[in-house]
Amino acid sequence: MGHSTVRVAMIYQHPVGGRDQEIADHVDRLIRKSKQTKKAKRPKRDRESPDRGKIN
């Protein structure tokens, strides 16, 4: 990040430690929720069609 000393870099990094995991967990929850919502909105015939995704 371009800090002037190692000490300053360590001071900066200490409070943000673990924040990466919190952000990743939150993004993961948003993705899972979005997928559930999209799946629920699809018509039943699209979810069960054996030809779904095939190109004619």
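## Ground rules

Helices (H or I, at least four residues) and strands (E, at least two) are DSSP runs, numbered from the N terminus. Val 27, for one, has its place in helix H2, which covers residues 19-41.

What you're looking at is a predicted model, so local features need pLDDT of at least 70 and side-chain atom pairs count only at pLDDT 80 or more, while totals for chains, interfaces and linings use all residues. Residues are numbered from 1 along each chain as its sequence is written, and side-chain values use heavy atoms, with hydrogens and water left out.

## The chain as a whole

The chain has three helices and zero strands, giving an α-α-α pattern when you read along the sequence. As for confidence, pLDDT is the predictor's own score for each residue, from 0 to 100. Its mean over the chain is 76, with 64% of the residues at 70 or more. Among the elements, H2 has the highest mean pLDDT (88), and helix H3 (residues 44-48) has the lowest (60).

The structure holds two salt bridges (a side-chain nitrogen of Lys or Arg within 4 Å of a carboxyl oxygen of Asp or Glu). One joins the side chains of Arg 19 and Glu 22, at 2.9 Å from N to O. Both residues sit in helix H2, three residues apart, or about one turn of the helix. Arg 19 is partly exposed at 45% relative accessible area, and Glu 22 is partly exposed at 46%.

The other pairs Asp 28 with Arg 32, whose closest N and O atoms are 2.9 Å apart. Asp 28 and Arg 32 are separated by about one helical turn because they are four residues apart in helix H2. Asp 28 is partly exposed at 34%, whereas Arg 32 counts as exposed at 52%.

## A polar contact and a nonpolar patch

Gln 21 also lies in helix H2 and is partly exposed, at 49% relative accessibility. Its side chain makes a polar contact with the side chain of Asp 25, at 2.8 Å. That term means a pair of N or O atoms within 3.5 Å; within protein, one must be able to donate a hydrogen and the other to accept it, and residues adjacent in sequence count only if both atoms are side-chain atoms.

Which residues make the nonpolar surface patch? Ile 23, Val 27 and Ile 31 do, over about 230 Å². Patches are made of residues with over 30% relative accessible area and no salt bridge, joining like charges within 9 Å and nonpolar side chains (Val, Leu, Ile, Met, Phe, Trp, Tyr) within 5 Å. Val 27 is partly exposed, with a relative accessible area of 39%.

How values were computed
Areas by Shrake-Rupley, 256 points an atom, 1.4 Å probe, with all protein chains shown as cover. Buried < 20%, exposed > 50% of the residue type's maximum accessible area, 1.4 Å probe, protein only.
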